[in-house]
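Hi everyone, thanks for making time this morning. Let me bring the model up on the screen, and then I'll walk you through it.

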Amino acid sequence: MDIDIILEADLTAQQIKELGLMAEKFGFRAIWTQNYAKARDAFMTAVPLALASKKIMVGVCIVSPYEMHPLKIANATLTLNECAKGRGCVTIGGGGEWMMMLGFDTSKRVSATREALEIIQGAIREDTFNYNGKLYKARWFNSDWTTDQPPLIYAGASGPKMLSMSSGVADGVMMGDIAPVMFDWPLPTLNKALADNNRTDDNFRISNFLAWHIKEDREVAIQEARREMIVRGWLERPWLEPFLSPEDTQFVLDNKWPFIDAYRKRSSHIEGIPEHILEALVEGLGCTGDPSDLDRYIEKLNKYSEAGFTEVALRIHDDPDYSIKLIGELVLPKLH
Amino acid sequence: MQLDIALESKIGPTAIKELGLLAETYGIRTVWIQNLARAPDAFMAAVPLALASSTIKVGIAVVCSHEMHPLKIANAVLTLNEYAKGKAGVVVTSGGEWPGVVGKKIAEVARTKEALEIIKASLGNEPNVSYEGEFYKAQMFNTKWKTQSPPTLYGGAHRAKMMQMIATTCDALMFSDIQPEMFDGILGTLNTVRPIEDRPNDFRLSNFIAWHIKENREASLWEAQRELIIRAWLYREWIEPYLEPEEVEWVLKNPFPFLKAYRERTGDIEGVSQHIVDQLVEGLTMSGDPSDIDRHIERLEAFKREGFTEISLGLQEDPVESIKMIGEQVLPAIQ
């Protein structure tokens, strides 16, 4: 199993280049820039790394067809792929931060993502591409300026409908914040869909976005994990139930605002949420602690490998160079 | 009046950086990267130049809100502006190449107005941008990460309603392929709507002109002929000044030979009389060899007299030769 790194969205192009080249030396498979609405454009910030790197893949996650027309996503991904000499990748999703900011109706998420994936796959492979979908169209698009092997197109999917759809169209899926205790939720659906689509032997990539908060100072790590808690599957029911009692699950579902408020204020103080809930979610939904915790997280990561994941994308936050060194030196060599 | 150059993104980000830095040494004001649908992403292609340049501006032309949500356009321009240390610009329009490729309409004034209002607000100093339009919405968009003075927002237009809207919404207007023979019509309209009196110094007026001057005259004409269809898509107003009425009607009914030549990258426009081709190349482009430069400088002087603040010269093959020619022979004569 490979390990990828997902970087914080507030980094500059120069910082991303330096961190990516450092990660390349350690043998990480890919660097992903995170496409947030309140940060620099993720495709643009990835360009200097793509141009300077030699082996590491360079990707952008997660891009929704609500923010850019799927052909425009295809065009940006192909540009990144050319800069990276065939090592580009992208994750397409129906959600993410942009969609909320743009005020779109979310009822057509699966259809929009499916059409987007079909358009992107067609646009990067066909000489002249036409498409007549319910939501999107393409006319006489061609990308004859490209020279490299096609980029990898992932779908951002965790739930059954999106996973089933993605297995027929994408080159891989990137799930979000799926803990080993949750494997029985997405994996049976995905494996069945892959079998139904005759794709069990075509190197379909299975990835998971996993928050990484290991620091020298344990308290700092926990504070960072709490600050980011709302973006762990947006604390929807499937991400809570494995770690909380039914009453606590309902309590969190009814009280998300303190988590959102903490995230927006970049604070670890989550007003009014009992400590035992926070501790359970921090422990369950990421990798948090100090270096003495590494062995148990290596064990955790190996469970992904055993379950058939081809890679895990570790989302690092503050002090990214520390995290890349720690993972590169102490985690990568010990993974199956 | 200042001079800009426009490059196609197909040459790649590394070449754009090198050409932009060469242009910077000559004092050319801006490098515009053309946002075409069948070429690499223009914003991404501009990043290395933006990061490396010191004085030259870096812009993207033209972007349409059918390809990206206006907030996403704002985000991309602001990103470019940060990397260019406050020297970025963008031209937003209702047309360009992308609407056709994604199957959408052009010339939608109301839609473009909403897009420009969202982009303008996002580029400015408002801490959070919210917008409730008929076509677009924005909810609490903030750009606290930006540190530079705002990029310049151009609108692209030729028709009266669009010009009127842009004159009150944007910092600048960029025409495309306008020539002195068209000034009366188009500037007459613009001057009735743009805030000349209120904004005598801060409303910029630009025009894109195709530049095909080469050492080899034949190569120049070949390139100009190949690209003729994208000279405003040879709409009526762009061909009437140069052709007889029956020739105008003939060209309007027969655009495909021009389109075929463009797509097949050939200067041979099958079935179109050489007289028509010669007239359009002469009228709508700056073509020829170095002995033609003086008369093209005279043409640029006409733009200067009419109040254009800059002209953007679109380069094709041999851009190094073109930049040197413009930097050494044209720019000193114009400024």
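This is a predicted model: local features need pLDDT of at least 70, side-chain atom pairs count only at pLDDT 80 or more; totals for chains, interfaces and linings use all residues.

The contact draws 36 residues from chain B and 38 residues from chain A. On the chain B side, B:Arg38, B:Met44 and B:Lys72 lose the most area to chain A, together 21% of what that side buries.

How many salt bridges link chain B and chain A? The count is two. In a salt bridge here, the side chains of B:Glu67 and A:Lys72 meet at 2.6 Å, N to O.

Now, on to the inside. The largest nonpolar core has 208 residues, and A:Leu71, A:Trp212, A:Phe259, B:Phe175 and B:Leu280 have the most contacts inside it. Which helix gives the most to this core? That would be helix H2 of chain B, residues 42-52, with eight residues. There is also a second, separate core of 13 residues, and A:Trp98, B:Ala115, B:Ile118 and B:Phe141 are among them.

Beyond its neighbours within four places in sequence, A:Trp212 is in contact with residues including A:Glu224, A:Cys287, A:Arg315, A:His317 and A:Val331.

Last stop, the surface. B:Ile106, B:Trp233 and B:Tyr235 make a nonpolar patch of about 290 Å². You'll find B:Ile106 in the loop between helix H4 (98-101) and helix H5 (109-123) of chain B. B:Ile106 has a relative accessible area of 44%, so it counts as partly exposed.

Definitions and conventions. Residues are numbered from 1 along each chain as its sequence is written. Chains are lettered from A and ligands numbered from 1 in the order in which they are written. Side-chain values use heavy atoms; hydrogens and water are left out. A nonpolar core is a set of buried Ala, Val, Leu, Ile, Met, Phe, Trp, Tyr and Cys residues joined through side-chain atoms within 4.5 Å. Buried means under 20% relative accessible area, exposed over 50%, partly exposed in between (1.4 Å probe, protein chains only). Helices (H or I, at least four residues) and strands (E, at least two) are DSSP runs, numbered from the N terminus. Contact means heavy atoms within 4.5 Å. Patches are made of residues with over 30% relative accessible area and no salt bridge: like charges are joined within 9 Å, nonpolar side chains (Val, Leu, Ile, Met, Phe, Trp, Tyr) within 5 Å. Accessible areas come from the Shrake-Rupley method with a 1.4 Å probe; for residues, only the protein chains shown count as cover. A salt bridge is a side-chain nitrogen of Lys or Arg within 4 Å of a carboxyl oxygen of Asp or Glu. Buried area is the accessible area (1.4 Å probe) that two parts lose on being put together, summed over both.
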